[in-house]
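Open the viewer and get ready to select a few things in turn.

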Amino acid sequence: MLVKTYGAAIYGINAYQVTVECNVQPGADYLIVGLPDNSVRESRQRIESAIQQCGLRFPGRKVVINLAPADLKKEGSAYDLTMAIGILAGNETVRYERLKDYVVMGELSLDGTLRPIKGVLPIAIEARRRHFKGIIIPAENAREAAIVNDLEVYGANHLSDVIKFFNGEKMLERTEFNTREEFAKNLNQYPFDFADVKGQEFTKRALEIAAAGGHNVIMIGPPGGGKSMLAKRLPSILPPLSLEESLETTQIHSVAGKMRPEDALIALRPFRSPHHTISDVALVGGGTNPQPGEISLAHNGVLFLDELPEFKRSVLEVLRQPMEERRVTISRARMSTEYPTSFMLVAAMNPCPCGYYNHPTIDCTCAPGAVNRYLNKVSGPLLDRIDIQIEVIPVPFSKLAEQKVGESSEQIRERVIAARQRQMERFKDYKGIHCNAQMTTKLFNTFCVLDEPSRQRLKLAMERLGLSARAYDRIVKVARTIADIEGSDNITVDHINEAITYRSLDRESWGR
């Protein structure tokens with residue numbers, strides 16, 4: 001008997017319907033066709049054992065399974081449940097009348113228990129788009145799938161539960177989820193707060209400006225100066241995720257298998273901090289079976305690269321295009337996959353190999369020229385994409401001992417949100433432009449016009465401080481953001497003065 005069950009295949013962050021055609025007929029063979037990978041081919045042993053654990057017999061006849069469309073590669077163990085139900089229905093052990101209404105997916109253990117799978121959210125979105133009545137998946141994935149409205153979501157713990165459901169012997173409990181209520185409850189519940197930071201007012205101000213304008217930041221300072229501590233708190237002052245951004249971020253983490261059963265929806269901006277030994281594939285994504293990399297997992301959030309010069313140069317260079325285009329395309333012979341990569345880059349580094357160049361109390365022991373050689377490990381084109389460069393000076397004991405509580409992340413975030421709203425209004429007619437850091441040359445010439453005093457001040461600073469040519473655009477963009485924070489329509493000399501202080505590495509005197 002020929003029956004059809006339905007699943008989905010993941011490509012990029014989207015899912016595509018897969019029809020599993022099972023034909024049980026006289027003979028003695030077991031064939032799976034339709035470009036299955038090894039995980040799919042190995043499913044027979046899992047399926048046969050799981051069926052036996054349910055007190056049923058695996059068909060002693062010829063079983064032919066086709067995964068359609070046959071020209072798309074099918075990967076992973078998530079088709080176990082889909083094929084098991086199809087085989088039992090083809091053997092007339094399971095009633096087939098309701099199979100057309102449900103997407104059924106899950107990995108089977110040898111005892112019939114259902115194990116969680118990756119990519120449940122995009123699968124549920126595709127099921128709703130295809131007008132299926134519902135989706136049956138492992139219980140651990142049910143909350144994640146229930147985010148999707150107008151779709152019945154049933155979580156099952158065992159193959160026998162699914163068999164009884166289709167035979168009308170037992171109803172599965174439908175998983176309900178109030179997306180907006182859950183999203184609002186978890187919004188901005190960050191574990192770190194700027195109120196915990198003692199001193200570092202200059203750096204906190206720079207990070208506020210970076211958050212307000214979406215600017216990339218690099219912090220240079222000695223060990224123990226607080227660079228990592230400050231970076232971890234940056235997501236807490238960024239504007240809250242919108243529901244649309246939250247769903248998109250959740251999709252990426254779902255496909256990568258990073259979702260925990262209790263985390264149905266990502267309501268906080270991601271913070272990713274890969275180790276400096278990371279490979280370029282792990283950072284940007286890819287592999288034999290393409291998966292999102294760290295830059296995609298940081299989408300709508302922060303990517304923190306600590307000890308920047310210690311990263312392999314090839315790893316840092318592959319960052320340049322995704323930072324510019326806010327997406328990365330992974331191309332293979334048979335397919336091409338695109339992942340979004342709209343993140344804020346925050347980098348931290350020591351000023352020299354020993355770590356104490358420009359330290360107020362400890363002498364640097366590096367040889368002459370070592371500081372420049374150390375800095376040159378980071379390429380000019382990458383630094384060109386970082387708007388704010390700041391020195392982080394260690395906090396003296398007198399500041400650390402103070403009982404005074406600093407400004408909270410919530411207070412800073414209010415100013416950041418107000419500045420972002422001005423930018424959203426400014427760029428409302430320009431698709432894909434949401435903040436000052438994303439301005440094109442045309443928009444820069446339109447919205448960053450300097451008056452004569454500001455122009456003369458910038459010219460004087462570039463001449464006296466030896467600022468490089470690439471610093472010009474960056475200073476003006478940052479000045480535009482400072483003006484937005486202060487509610488000013490025009491860029492003034494004060495805004496230019498402050499923006500100049502955030503270009504430490506561009507000064508000729510640095511490292512000499």
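**Stop 1: the cysteines.** This is a predicted model. How many disulfides does it hold? The count comes to zero disulfides. A disulfide is a covalent bond between the sulfur atoms of two cysteines. Here the cut-off is that the two sulfur atoms lie within 2.5 Å.

Select Cys22 and Cys54. The closest cysteine sulfur to that of Cys22 is in Cys54, 16 Å away, so the gap is too far for a bond. Is Cys22 buried or exposed? Cys22 is buried, and its relative accessible area is 0%.

Now select Cys354 and Cys352. The sulfur of Cys354 has its closest cysteine sulfur in Cys352, at 3.5 Å. Cys354 is partly exposed, with a relative accessible area of 24%.

**Stop 2: an open sheet.** Switch to the cartoon view. Strands of a sheet pair through backbone hydrogen bonds, either parallel or antiparallel. Find the open sheet of five strands with the order S11-S14-S17-S10-S18. Its pairing is parallel.

Which strands stand at the edges? They are S11, residues 271–272, and S18, residues 388–391. Each has a single partner strand, so one side of each is left without a neighbour in the sheet.

Next, select S10, residues 217–220. S10 pairs with S18 in the parallel sense, over four bridges.

**Stop 3: the largest cavity.** There are two cavities of 30 Å³ or more. The largest holds about 50 Å³ of space. Select Gly221, Pro222, Glu391, Val392 and Ile393. Among the 12 residues of the lining, these lie nearest the centre of the cavity. What kinds of residue make up the lining? Eight are nonpolar, three are polar and one is charged.

**Stop 4: the second largest cavity.** This one holds about 40 Å³ of space. To show its lining, select Gly7, Ala8, Gln17, Val103, Ile123, Glu126, Ala127, Arg130 and Phe132. Five of the lining residues are nonpolar, two are polar and two are charged.

Now colour strand S1 (2–11) and helix H4 (120–129). Each supplies at least two residues of this lining. Which element gives the largest share? H4 does, with three residues.

Conventions. Residues numbered from 1 in each chain as written. Predicted model: local features only at pLDDT ≥ 70, side-chain atom pairs only at ≥ 80, totals over all residues. Heavy atoms only, no water. Buried < 20%, exposed > 50% of the residue type's maximum accessible area, 1.4 Å probe, protein only. Pairing = 2+ DSSP bridges. 1 Å grid on protein atoms, 1.4 Å probe; cavity = no way out; pocket = protein on both sides within 12 Å on 5 of 7 lines; lining within 4 Å. Points joined across faces, edges and corners; volume = space filled by probe spheres on them. Nonpolar A, V, L, I, M, F, W, Y, C, P; charged D, E, K, R; others polar.
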